[in-house]
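Me: I'm new to this one and would like to learn how to read it. Could you walk me through it, feature by feature?

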Amino acid sequence: MSEKINSRVIGGVGEPVPKKDAPALLTGKPVYVADIAPRECLCVKLMHSPHAHAMIEEIDVSRAQRLPGVACVLTYKDVPGTRFTQAGQTYPEFSPYDRLILDRHLRCVGDPVAIVAAETEKQALAAIKLIKVSYKVLPAILDPRESIDNEVLIHPEESWRALVPSCGADNRRNLIAAGEDAQGDIEAELAACDVVIDREYTTRANQQCMMETFRAFTRIDTYGRLEIVSSTQVPFHVRRILATALEMPKSRVRVIKPRIGGGFGAKQTAVCEQYPAIVTVKTGRPAMIVYTREESMTLSSPRHAMRMHVRLGAMRDGTIRAIDLHTLSNSGAYGEHGPTTVGLSGHKSIPLYTHNMKAFRFAWHTVYTNTMSAGAYRGYGATQGLFAVESAVNELAHALGMDPAVLREKNIVREGETMPAYYGETAASCAIDRCIARAKEMIGWAEKYPARTLDNGHIRAVGMALAMQGSGISGVDTGAVMIRLGDDGIYNMSIGATDMGTGCDTILAQMAAQSLECPVDNITVHGVDTDTSPYDCGSYASSTTYVTGMAVVKTCEELRKKIIRVGAKLLGCREGEVLFEGDCVKKADGSASVTLAQIANAHMMAGVEDISACVSSGSPVSPPPFMCGCAEVDLDPLTGEVKLVDYVGVVDCGTVINPNLARRQTEGGLLQGIGMTLTERPEMDHLGRTVSNSFLQYKIPARVDAPNIRVEFEPSYEPTGPFGAKSIGECVINTPAPAIADAVYNASGVRVRDLPITAEKILLGRKE
Amino acid sequence: MNIEFVLNGRRVSAAADADDSLYKVLRGLGMYSVKCGCETTNCGLCTVHMDGRAVLSCSVPAARCAGHEITTLEGMQEEARRLGACLAGEGAEQCGYCAPGLMMNVFALAKENPHATDAEIDAFLAGNLCRCSGYVSQRKAIKTYLGMVCGEVRA
C-alpha cells in the first residue's frame, strides 16, 4: 500500500477534502428522512404517560377511533408480547430485553400509552385528546441511590430477559448491571499512600440535541416487505430490533438510512422506529413519526447520569499508586446501553494513570429508576468517569501543592505500556505526553497557572484535563466494505457505516483513493440500505475510521489483486510480471500496458470476470485516542458568573485522515463538553417530569456563548489502524468538564463536583 | 382559506388553516430546505426571507404572508453555492441540517452589515444553533463569504 506522495492520488489520506455530500447539504436539497417521505404518509403521534410509575387500569379509544381522518389507535392490547431492547448493539445485546412497543405498565413520565395514526397531524393530536385512560398510580423511584432492593420493582414482569446474565442484571433487584474489575490489593495500596483523595462526583442526563429530532417513515415495499427509512446510526441493528419487536422474520424487514441531521449517539437507539412500523403493519399504509423537540428532550436516549466515588492514592512525590472507583449509573425506566456505558466510566479513565499504578479497583452498579431511559451519548460513560477521575487528579495536585500538569507528566501512560485497567491492552500508539506539552504552550500554562486578577476585579484562571476513548469495540465491532470496478474505471463503494454528518463517506473514500491510487472523485459512496450494503454494526463507539477504515484498506488490497489478474490476462502475461499503477496495469519492464478503463470495460464483456471485492474487518484491540484540554475562565467574583474565554485541545488520533473534518469533530465535541459543563441543565421535578424540555430551559451553547476554541493534532501512528489512524469522534467531548472545573477552582477556591457548574454553586461555595 | 404570495419570485396559492405557520405551508409547497428544529423559536433552522428580511417561518402565521414575497434557499441557489463553497471548504457544515437556515440569515447579514466584526457575526447569527461544528469554522467561512460580497460591492 503506497503512502508516499503519489501524483495519481488526488484527495487521499491527509487532505482536507470537502465532504462528498456538501453540495447537496449546502443548497438545501431534500435528502433527509422527512424530505423524502411519501406525501401520503399517515402522521403518527404518541400519547404519553403523565405519571412516573403507573398501571393502565382502563383505556377507551372508541371516540378517538371514530374521529375523521384517524386510521388507527393502538394500545398495549394491540402489540406483540415479545420483549426487546431498543439499544443498537451487536447481538446478543448486553442491554436487557425489557420493552414492549406499548406496555400496560408505565415506567416513566412520557412512556407511550397509545399510538395514533391519522391523515393529518391535527387529527392525530385531536384523537389523542379523546382517549380515556384510568391509571393506577404506583410509588416511583426517582433517586438511583434508592433503587437497588427497593420494594418497588420497575420490571417485575416474568418476560423480562437478560441475554448476557454475566453482566449482573437482576430485575428482582432493579439491577441492570453489577460488577468489578481489579488488580492488586487496593486497600493495602491506599493505606500505604501518603495522600488519598476521597470524593464523590455526579453528572446529569445530558441531551445530545442533534438538530434533526428522532424520525422515521415506514411503508410496504414492492415485495410486500416492511421498509423503514430512518434517521439512525445503526440500520442493521434497527432491522433486528424491529423484527424482534414486531415478531416478523428479518427477511421481511429492510432499513434505509438517508442523510442524518446529527446523532451523537442518540440515534444508536431505536427510539421511534417501532411506532410507524406497527402502524404500517396494521394498516398497510405508509406512516411517519417526527418527534417534536419536546419529545426529543423528554422521551429519548440521553446520557446516563452517574454518581462516582473516587479514592485516589499517591505518594508525597506525586506518584499515583492506586485508583478506586465506584460508579452508580442511572439507566432510567429501561436498560438501553446501561451495562456498557457504566464500564467505560472506569475502563477509559483509570488507564490514563497506568505508569506508576500498583493497584486499581473499578466497581459498578447500573439501576432502573422511574425516569427517562438513558442511552448512548458521545463519550458513552467515559465522559462521566473522566470528569470524576480527572477532577480527583486535579484535587490531588492541589493537596500536594503540585502543578497538575507536572503531576500528570509523572503518571501518564507511556507508549508501549500495558494498561491493566484497559482490558490489558497495550498503548501501541500514544502521544499524550506531546499533547500535554503542546496544550501548555498554546494556553500559556507557565504564565497563567493558576490564576491572576485583572484590573476590573475579575479573576482569570486555567485548568487542565486529559482524556482517552477507544476505537471501536474490540472483538465485537465489524465493518465490511464492498467496492466494484465500473465503466471507464470508476469505483462504486458500498458501506454499512452511517455518515451522520461526521463525514465518514468522505474519509472512507479518501482511504480508498489512497489505496487504489486514484482521485477521490473516482470513488462513489453508497450507504446505507440493509438489502444492498455490506454488514456494518453501525457508526458508534468511535469505530468507523478505525474499524470500517481497515475494511476499506483490506477490500482495496483484494480489488488490486483482481485488477492485476485481469490486466495480466489482457496483456497476455503472468500476474507477477505486471504492476498496478492506479490508472493502468503495466508490464514491469514497461513494454506494454492496459488502462484501468480498458480493464473495466473488458470485464463487462462476455462475462470475463467480475472485478469487485468485499472484505469485513474487526479488531482484537481498541486503540485509545488521547487528548489534553486546557481551559481559561474569567470569573466575576461578585456574581459568580464564569465565562470561558479560551479552550485549547490537542489530540492524538493517530494519523489524521482529513484535517478539516477531524478539526470540526474536535471543535464541535469540545463545545458539547463545554455546554454540558456550563449551560446545559437537565432538570426533573419531584414527580419525575422532565422540565428542561425545550431549548429555552435546556440551553445548548449558541455562537455568543462559544469561547475561542483552538485545536491542534499531535499524531502518533497506530500500527493496527488504517494508515495509522485511530478514532476521534468521542474522545473530544471528555476534557471540558474536569478542565473547566479546575479552572473555576483556581479562580474561586470553589470545587464543583456536580455538573453543571453554575454561578449559584460558585457563590454558595464561596460563602462556605 | 387560500393564501396568495410570491415564493422565490413566482406567484403561488396555498390552502392553509388559520393556525398554520408559514413553515408548514412552505414544506407543503415542497420547500424542503426549510427545517424545523424546535417549536419554541430558538434554533433558527426555519429561517426564510419575508420581503428580504430574515424571519423564523415557524412563528410567522401563514396568513400573514399573503401578498408578501417569501424567499427560501431554493430561490437563492447561486448564492447558496457561493456561501456553500466557503462552508464546505472549512468542513463547517457537518450534518448540514442547520445549514439552510443559517445561510438565509447570513444572506440577511451580508445585506445589513457586510463588514461585520467577529462579535457582530456571532450576535447576528446567535439564533442559528448548530450542534456539530463548534461554530469556529462557520465563522471563518462566513467571513470569507462576506469578504467576497464586500469585494463585489466595492468593484
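**Where the two chains meet**

Reply: Happy to. Let's start at the interface: 51 residues of chain A are in contact with 55 residues of chain B. Keep in mind throughout that this is a predicted model.

Me: How much area is buried between chain A and chain B?

Reply: About 4100 Å², and carbon and sulfur atoms give 54% of that. On the chain A side, L26(A), M211(A) and R703(A) lose the most area to chain B, together 24% of what that side buries.

Me: Can we look at a residue from that region? Where is E667(A) found?

Reply: E667(A) sits in helix α17 of chain A, which covers residues 659–678. For contacts, we skip residues up to four places away in sequence; what remains for E667(A) is I709(A) and V711(A) in chain A, plus S133(B), G134(B), V136(B) and S137(B) in chain B.

Me: Does E667(A) count as buried or exposed?

Reply: The idea is to compare the relative accessible area with a cut-off, and buried means under 20%. E667(A) has 4% relative accessibility, so it counts as buried.

Me: What about the chain B side? Where is Y135(B) found?

Reply: Y135(B) lies in the loop between α4 (118–124) and α5 (136–154) of chain B. Its relative accessible area is 4%, so Y135(B) is buried. There's a backbone detail too: phi of Y135(B) is near 75°, a positive value in a residue other than glycine.

**Chain A as a whole**

Me: Let's zoom out. How many helices and strands does chain A have?

Reply: Chain A has 19 helices and 29 strands. Its radius of gyration is 27 Å, close to the 27 Å that the globule rule gives for 768 residues, so chain A is as compact as a globular protein of that length. For the overall dimensions, look along the principal axes, where the C-alpha trace of chain A spans about 85 × 75 × 50 Å.

Me: What share of the residues of chain A count as buried?

Reply: 65% of the 768. Another thing to read is how far along the sequence contacts reach. Taking contacts in chain A between residues at least 6 apart, 79% join residues at least 24 apart.

Me: How many residues of helix α9 in chain A are buried?

Reply: Nine of its ten, so to speak a mostly covered helix, spanning residues 338–347. Among the buried ones are P339(A), V342(A), L344(A) and H347(A). Their cover includes β7 (175–183), β13 (305–314), β14 (320–332), β15 (359–368), α10 (382–400) and β19 (459–468) of chain A.

Me: Which helix holds R239(A)?

Reply: R239(A) is in helix α6 of chain A, residues 235–246. With a relative accessible area of 23%, R239(A) is partly exposed. Setting aside neighbours within four places in sequence, R239(A) is in contact with K250(A), V253(A), V255(A) and T530(A).

**Backbone details in chain A**

Me: What is the phi value of E247(A)?

Reply: Near 55°, which is positive in a residue other than glycine. E247(A) has its place in the loop between α6 and β11 (253–256) of chain A, and at 48% relative accessibility E247(A) counts as partly exposed.

Me: Which residues does a cis peptide bond join?

Reply: For a cis bond, check omega. One such bond joins Y91(A) and P92(A), with omega about -5°; P92(A) is in the loop between β3 (70–74) and β4 (105–106). A cis peptide bond also joins Y449(A) and P450(A), with omega about -5°. P450(A) lies in the loop between α13 (445–448) and β18 (451–453).

**Chain B as a whole**

Me: In what order do the elements of chain B run?

Reply: From the N terminus on, they go β-β-α-β-β-β-α-α-α-α. The radius of gyration of chain B is 15 Å, close to the 15 Å that the globule rule gives for 155 residues, so chain B is as compact as a globular protein of that length. Buried residues make up 58% of the 155 in chain B.

Technical notes. Residues numbered from 1 in each chain as written. Chains lettered and ligands numbered in written order. Predicted model: local features only at pLDDT ≥ 70, side-chain atom pairs only at ≥ 80, totals over all residues. Heavy atoms only, no water. Helix = DSSP H or I, 4+ residues; strand = E, 2+ residues; numbered from the N terminus. Rg over C-alpha atoms; globule rule 2.2 N^0.38 Å. Buried < 20%, exposed > 50% of the residue type's maximum accessible area, 1.4 Å probe, protein only. Contact = heavy atoms within 4.5 Å. Buried area = accessible area lost by both parts, 1.4 Å probe.
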